[in-house]
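Subject: Structure for you to look through

Hello,

Here is the structure you will be working with. Please open it alongside this message and follow the residues as they come up.

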Amino acid sequence: MSTRFDMATTDKAAYKALLGLEGYLQNISLNHIQKELIKIRASQINGCAFCLDMHTKDAMKYGETPQRIFLLNAWREAKELFTEEEQVILEMTEEITLISQKGLTEETYYKAKQVFDEATIAQIIMAIITINAWNRIGISTHLPIAK
């Protein structure tokens, strides 16, 4: 599959705007592992090979274990490997990524309120929205996987 076009050069203003969200995410209260779990899980759901490749490598650079990455797609069956906060983040990631199914449910939102303040919940939502945008660019433009 060959790249259709390079979004960064074809629509510089739109790409720059999305990079602005990435800049914002660099300064939020989530740690690197939490952010990478969001990126990997959303990319698994969306099937974005480019983002999966990039973010699994990034997660490992930040100290994430291969076991947790391998089991992320089945995190509910491996809950003991993920903290309560991470489980809530993953649940939010799935529900927001699959927004047309049921959206962020009251049950999941309630769980989030038990472990995060509203500002952090807003940051999690923005992180999920951002990776979903990147996934859609990667898939739509056929971004190549780094070799």
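Predicted model: local features only at pLDDT ≥ 70, side-chain atom pairs only at ≥ 80, totals over all residues.

Helix packing

Two packed helices are described by the angle between their axes and the distance between the axes. The pair to look at here is helix H3, residues 32-46, and helix H4, residues 49-61. Their axes come within 9 Å and cross at roughly 155°. Angles over 145 degrees count as roughly antiparallel, and H3 and H4 are therefore roughly antiparallel to each other. The crossing in which H3 passes H4 is left-handed.

Which residues of H3 and H4 meet? From H3 they are Ile33, Glu36, Lys39, Ile40, Ser43 and Gln44. From H4 they are Cys51, Leu52, His55, Thr56, Asp58 and Ala59. The residues of this contact divide into five nonpolar, four polar and three charged.

Salt bridges

Side chains of opposite charge can pair when their charged atoms come close. The count of salt bridges in the model comes to nine.

Lys39 lies in helix H3 and Glu22 in helix H2 (residues 12-25), so the pair ties together parts that are 17 residues apart in sequence. Both Lys39 and Glu22 are buried. A network of salt bridges links Glu22, Glu36 and Lys39.

Glu86 has a relative accessible area of 8%, so Glu86 is buried. Arg68 has 11%, so Arg68 is buried too.

Lys57 forms a salt bridge with Asp53, and their closest N and O atoms are 3.2 Å apart. Lys57 and Asp53 both lie in helix H4, four residues apart, which is about one turn of the helix. Lys57 counts as partly exposed because its relative accessibility is 41%.

Gly138 is in helix H8, residues 118-141. With a relative accessible area of 4%, Gly138 is buried. What does Gly138 touch, not counting residues up to four places away in sequence? The answer is Cys48 and Leu143. The C-alpha atoms of Gly138 and Cys51 are separated by 7.3 Å, although the two residues are 87 residues apart along the chain.

His142 is in the segment after H8. The phi angle of His142 is near 60°, a positive value in a residue other than glycine. At 16% relative accessibility, His142 counts as buried.

Regards

Methods. Residues numbered from 1 in each chain as written. Heavy atoms only, no water. Axes fitted to C-alpha atoms, helices over the stretch in contact; angles between N-to-C directions. Helix = DSSP H or I, 4+ residues; strand = E, 2+ residues; numbered from the N terminus. Parallel < 35°, antiparallel > 145°, perpendicular 65-115°, else oblique. Left-handed = near helix turned anticlockwise from the far one by under 90°. Contact = heavy atoms within 4.5 Å. Nonpolar A, V, L, I, M, F, W, Y, C, P; charged D, E, K, R; others polar. Salt bridge = Lys/Arg side-chain N within 4 Å of Asp/Glu carboxyl O. Buried < 20%, exposed > 50% of the residue type's maximum accessible area, 1.4 Å probe, protein only.
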